[in-house]
Amino acid sequence: MYVTAITMLLAGASASVAPQEAESAKVIDQIAQCRSIADAAQRLACFDGAAAALQTARDRREIVVLDREAVKQTRRRLFGIALPKIKLFGGSDDDDEKEEIREIDAKIVSARPIANGRWVIKLDDGSTWQTIEPFASAEPKAGDSMHIKRAALGSFMGSVNGLRSARIRRTD
């Protein structure tokens with residue numbers, strides 16, 4: 001089956017998340033329970049009801065179904081943004097840690113200097129980064145390649161065209 005992650009995105013305050021999450025999980029559990037029904041007609045009726053409930057939940061945006069590639073692309077777009085530790089993409093904490101993106105490569109779309117030798121850099125993935133310290137070896141320009149990796153204590157290091165890295169942070 002191509003669907004590898006089911007993400008439940010629920011609106012409302014954090015205090016109200018638990019009842020909504022339990023209700024959404026029931027929709028998925030209904031499908032699994034149908035498999036245990038021996039009588040074919042009853043099993044089909046159960047699956048039809050569970051499928052209708054799943055479609056209703058999806059239409060109401062109580063449940064979002066993503067395949068592995070969509071999850072991977074979303075994780076990449078969120079690279080560099082400080083998010084709280086939540087199971088945004090389903091799975092366990094171990095799964096999230098294994099699939100965490102630790103570095104990216106992108107092309108620079110634009111780069112403009114700001115005070116004290118620092119730069120604001122826009123990448124082809126739509127993200128915007130700002131250097132915290134000057135690039136010692138090269139000035140970034142459109143078309144250059146940018147490599148960004150996680151560093152210590154939640155910081156990031158970026159290098160242009162494989163040259164010496166500088167500390168950077170995501171600004172969008």
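Modeller: A residue is called buried under 20% relative accessible area, exposed over 50% and partly exposed in between, using a 1.4 Å probe and protein chains only. By that scale, 24% of the 172 residues in the chain are buried. This is a predicted model, in which local features need pLDDT of at least 70 and side-chain atom pairs count only at pLDDT 80 or more, while totals for chains, interfaces and linings use all residues. Residues are numbered from 1 along each chain as its sequence is written, and side-chain values use heavy atoms, with hydrogens and water left out.

The chain has 4 helices and 8 strands, assigned as DSSP runs (H or I of at least four residues for helices, E of at least two for strands) and numbered from the N terminus. Their order from the N terminus is β-α-α-β-α-α-β-β-β-β-β-β. Among contacts (heavy atoms within 4.5 Å) between residues at least 6 apart in sequence, 50% link residues at least 24 apart.

Turning to the charged pairs, the structure contains 4 salt bridges, each being a side-chain nitrogen of Lys or Arg within 4 Å of a carboxyl oxygen of Asp or Glu. Among them is the pair formed by Arg 167 and Glu 133, with an N to O distance of 3.7 Å.

Another of the salt bridges joins Asp 172 to Arg 170, whose closest N and O atoms are 2.6 Å apart. Here the two partners fall into separate classes, for Arg 170 counts as buried at 15% relative accessibility, whereas Asp 172 is partly exposed at 43%.

A further salt bridge connects the side chains of Arg 58 and Asp 59 at 3.5 Å, N to O. Arg 58 is partly exposed, with a relative accessible area of 48%, and Asp 59 counts as exposed at 51%. Helix α2 spans residues 40-59 and reaches 28 Å from its first C-alpha to its last, close to the 28 Å expected for its 20 residues, where the expected span is 1.5 Å times one less than the number of residues. Just after α2, Arg 61 adopts a positive phi of about 60 degrees.
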